[in-house]
Each structure stands twice: as C-alpha cells, then as structure tokens.
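Here's a quick briefing to read with the model open beside you.

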Amino acid sequence: MAEIGPEFFSEQELTCSICLDLFNEPVSTPCGHNFCQSCIGGYWASSVECTCPLCKRPFDGRPELSINRVFAHIAQKYKQMHYGGPPPVKPRKNIPAASAAAGGVTLQNGTNTPDIPCDMCTGRKERAVSSCLTCIASYCETHVKPHRETPFYASHRLLDPHEALQGRTCRVHGRLLEVFCRTDQRCICAICVLEEHRTHTTVSVQTERAVKQRLLGKTELDIQTSIERRGLRITELKQRLQFLRNYAQAELSEVENVLSDVTQSVERIRTELVGGIEDKRDSAIDHGERIVSKLEAELSKLQERRALLEVQATSEDHISFLQSFEETNTPYQDTMTLDTDSDPELHFSLGEVKSALGEIRERLDDIHMGEVHYRHSVSSLPESESMMSIRSSKKKDFSLKEDVTLNPVTAYPFLILSEDRKQLKRGEKLQFFRNSIQRFDVWSCITAKEGYNTGRHYWEVNVGDNKDWKVGVVRDSAQRKGLFDMNPSNGYYVLWWSTNHLRALTTSSLTKVKMTGRLRYLGVYLDCEEGHVTFYNAKTGSEIYSFVTEGAFNERMFPLFGTADKEIPLILPAAPTHPPE
C-alpha cells in the first residue's frame, strides 16, 4: 500500500485552528476535529464548559485524548518539505528541561541547552531571544520589536528565555506553566490538563492571579485598616502620656511648693527657737558670770585682810602691834546678803511648742509612699483627734465612687446641658418646652438620673470659677414647683455659693460656712443609713459642712445641682479625680 504523503494535504488542512500554526502533536476530539495537544488543553483549562472550539459540541467532562501519530508524522513531513531543515526542538516529555540543563542531553544546536522557539512564528519557528513575563510568551528578534519600541509595552518585563523559563516549566512535559489547577492548588502546563488533571477544575494563570490579587488587596486593606487603627491608638496613647506627664509635673510642682513652704516654716521655727534659746542662755550666763566675778573680787580682798591680821597677831613687836591695832581692827561689816533673787535663772515655756511640733512630726510620720496611714486607734486619741480620724475613715469608706449624669426631665427650662449630660450652665432662651411634674420651674436647678436609698455614695463636682451655684441632695418627694425655701425641712440638703460667700441652706436662716482658699472641686458624701450628707473640698480632702438627720433616709435621695452663671458651667467628672484621703 502506498504511503500517503504530505503533498496530498494543504497547509490549511494541517493548521491548528487555535494557534493557526502547523499541527504539533495533534489530537482528535470525539467530534472529529484536530488540534495541537497543548492548544486544546489550554483552551479547555480556561473554559467553564468543555466544548469543541469549532463545532461547539459539548462533552461530559474533558475526554481522554491521545496523540494521532500518523497525522503528527504527516504534519512533520510537511514542515520539512516546505520550510526545510530539521524541526526546532521544543521542550517535551522526552527531553525534560532539568535533564537538558544537567548536561545529560546534547541537542541539535550543539549545546545541552535547548533553543526556545518563538511563539509568534508560523511554519518554521525562529529562536526566541526574549521572553515577556506579562504576556507569558517568547519572541524572536522580529517579533520582540513591539515590546522594545511601543510605549504600551514599556511596563512589560523582558528576560532571557532560559532565565524566564527557570521554575516556570512543567517538570514532566517541559512546557511553560500557563494553567492553574484549583483542585491541587498548583501551576501546570496545557498538556497536564489532558492527562492527570483532566477531571480537575482549572483556569488560566492570569485568571487565578486576578482572583488572588483581589484577595491580596483585601488582606492589604485589612492590614492598612489595622495600621490606621494602631496609628490612632498610638496617637491617643501619646496624648494620654503627655497628659499624664503634665498632670504629674503639676502635682510634683505643687508638692514641691508645699514641701518648700514646710521646709521654710521649719527653718523659721528652728531659727526663732534656737536663736531665742541661745539668747536667753547667753544673757543668763553673762549675768551669773558678773556676779561670780564680783564675789571673787570681794573674796580676794577678805583673804588679804585675813592674812594681814594673821601677821599682826603673830608679831612679837609689842610696840608695832599696838600702833597698828586701831587700823587692823576696824570692824568688818559683811555686805553680802543671802537674797537669791538676783541669782541667774533660765526658763523656757516651750511645752505647747514641743507638743505642737510632736503632733506635726507624727502627722509627717503618717505619710508613706504618697498615702496617709494613721497609726493610732480612735479610742487612744484625744477627742479632737478622734473626730479627725472618724472623718478620715468616713471619707475613705466609699463602696462606690459614683458616675453621675444629669436628668433633663427635671431641668429648669433655661438650663443648657451638654450632650453627654455632664455639664450645665444658665441660658437666656428656653431649652426645655415640655412640662413635667419633676421639672423645676422657679429654682434654676436639676437632679441626677441616679437616686440612692441605701448604702454610702460619693460624687464630685468641678465648680471652678462659677459665680453662683448650688450643690447638694434632695428627697424624691420634695417640692419642685413654685417658690419655696430650700432647707432640710423641705427635703433639701444644699450648699450655695454666691457673692463670694459659701452658705448652707438651713432651716432657721442661712448658715455661713468658713473656709480657706477658693473651692474648685466639691465632693458630696451621702450615707443613707446614718442620714448624713457631708461636703468636702475634693482637692484637699478637708470637710466643709455636714447635714445630720435623726435616723436613716427613708426614701430615694437624688444629687442636686443648680447654677445662675451663664458663662462658666458646672462639670461632673466621669469619675472622681480628687477622692478625699
């Protein structure tokens, strides 16, 4: 039987309809059409449905295809007849790239490194001189010119073909990795699609790159969000640290000023006491030394006269004795008296001073590590000190430092409240129009939302430079409408600051409250069981005034605030900043 030669076929019949080049390892689909093995594999790798590229016949999965050896031989012969020379060697299964690189195979070009054919040439393929990683293709000198001369391709990276293929070729078939298998999560070549990955889900590497690029973008966005959040947190912490530094520096300066004043007072007391004691000592010693000197002079004269009498008495010259008798026997009159009034005396009235200094030393000894630790029990102290200890222990016994917020339902209509319900001041226009049985309509006051009927509670108010304010506690049942007296009889336990005077709103008449310095932070202590309302200077911890009732409060007690100042607000700290100690 005669061999059918390539002259019986036209070039169109031997051309792959996908790559438009002569068949290279052709395979036949179940519908009878022929394609290059790598071309049909690459086509199906990026297709959702497995169909014939020409007739669009669908297949149930990727059919198992084998190379048509006869057709491949005819195509190869046609190439030799019409394009001459041996066919260019492309990396194939029988010549793995790894083996060639290792020097185990000598190729037709005389080296152990195979030539990379140009992907754009048809018929006879020229040797590739550059490979584009973006286009995933290799080009000869002719077809690489657009990449080198056209601005559109300026961002495409060109590499040596062999360098470009390193790590980018299939270890089994030696072909470029241009398909991604989502089942095995790895890159494969177009021939792998028709073999072991035939039933797997595959896409082109460009498609998978786009998908993973979006995931990478989401991860980058998440990281950027975290970076921004941490940046904001760092900024907040730095601002907080700066605030803490300023706060610590202010407290340090204040403490140093107080300690400096105490040191100056101690030095003044030392100078006055030591100097006074030394002056009195020197004066008394000088007076005593003068008396001693006078007595020593008189003693010397008496001793001289006695010696003369002894000489006269022992003389054997009778004539001389008689002649000097009158002179030596002059009667002696002792002028020295036994009166001790002129004796030097030294007395210091320092009992009270030493007692006061002892108390100061004990108070200073009670201060350890920035806290006051009282070392004495109440029963062992005098009455005044016992009361101080009782007040101190009461100030410390706060089971909960309350976070108080204002209740707008009770607000006087002209009061202006902040959004966080922590500040209030007097306004000129109506702020609240809805009437309520709980709203004050004459007194410029407001109560807190929180009410207490048991336990002990403490909160603070920053009154600052407010010129007219009221702070205290009110009973739940107390009158709020109309004009009335704010006093304990009507359920109000309030301090009022106005015209630079602090007064307690008591039943009989206003009680002036004495205090030293300007009050800026006011602390309110409520003991429901004991029926006590006590006010403190929250900055210094000193007690200002206390309302004492007979028995416990038998209903809910609400914090009360009021102001007539239109400029400086009353401020309720989120938590007490100067708890009494």
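In this predicted model, the disulfide count is zero, taking a disulfide as a pair of cysteine sulfur atoms within 2.5 Å. Cys39 is in no disulfide, and the nearest cysteine sulfur, that of Cys19, sits 3.6 Å away. Cys55 isn't in a disulfide either: the nearest cysteine sulfur there belongs to Cys52, 3.6 Å away.

**Cysteine surroundings**

- Cys39 is buried, with a relative accessible area of 14%.
- Cys55 is partly exposed, and its relative accessible area is 38%.

**Helix α1**

- Cys39 is among the buried residues of α1, along with Gln37, Ser38, Ile40, Gly41, Trp44 and Ala45.
- That makes seven buried residues out of the nine in α1, so the helix is largely enclosed by the rest of the structure.
- What does the covering of those buried residues include? You'll find β1 (26-28), β2 (34-36), β6 (179-181), α6 (190-194) and β8 (202-204) in it.
- Ser38 belongs to this helix, which spans residues 37-45, and at 13% relative accessibility Ser38 counts as buried because the cut-off is under 20%.
- If you skip its neighbours within four places in sequence, Ser38 is in contact with Arg175, Ala190 and Ile191.

**The three-stranded sheet**

- There's an open sheet of three strands in the order β4-β3-β5, with antiparallel pairing.
- β4 (137-139) and β5 (158-159) stand at the edges with a single partner strand each, so one side of each has no neighbour in the sheet.
- Strand β3 (residues 130-132) runs antiparallel to β4, and three bridges join them.
- One of the bridge pairs is Cys132 with Ala137, the latter in β4.

**Helices α7 and α8**

- Two packed helices are described by the angle between their axes and the distance between the axes.
- For α7 (residues 205-313) and α8 (residues 318-328), the axes come within 11 Å and cross at roughly 155°.
- Angles over 145 degrees count as roughly antiparallel, so that's how α7 and α8 lie relative to each other.
- The crossing of α7 past α8 is left-handed.
- On the α7 side, the contact is made by Arg305, Leu308, Leu309 and Gln312; α8 brings Ser320, Phe321, Ser324 and Thr328 to it.

- Is strand β20 (residues 532-537) largely enclosed or left open? Six of its six residues are buried, so β20 is largely enclosed by the rest of the structure.
- His532, Thr534 and Tyr536 point one way from β20, while Val533, Phe535 and Asn537 point the other way, and all are buried.
- Strand β19 (residues 521-527) pairs with β20 in the antiparallel sense over six bridges, and Val524 has Phe535 of β20 as its bridge partner.
- The hairpin of β19 and β20 has four residues between the strands, and Gly531 takes a positive phi near 75° there.
- Strand β21 (residues 543-548) also runs antiparallel to β20, joined to it by five bridges, and His532 stands opposite Val548 in β21.
- In the hairpin of β20 and β21, five residues lie between the strands, and Gly541 has a positive phi near 85°.

Methods. Residues are numbered from 1 along each chain as its sequence is written. This is a predicted model: local features need pLDDT of at least 70, side-chain atom pairs count only at pLDDT 80 or more; totals for chains, interfaces and linings use all residues. Side-chain values use heavy atoms; hydrogens and water are left out. Helices (H or I, at least four residues) and strands (E, at least two) are DSSP runs, numbered from the N terminus. Buried means under 20% relative accessible area, exposed over 50%, partly exposed in between (1.4 Å probe, protein chains only). Contact means heavy atoms within 4.5 Å. Two strands pair if DSSP finds at least two bridges between them. Axes are lines fitted to C-alpha atoms, for helices over the stretch in contact, and angles run from 0 to 180 degrees between N-to-C directions. Angles under 35 degrees count as roughly parallel, over 145 as roughly antiparallel, 65 to 115 as roughly perpendicular and the rest as oblique. A crossing is left-handed if the near helix is turned anticlockwise from the far one by less than a right angle, and right-handed if clockwise.
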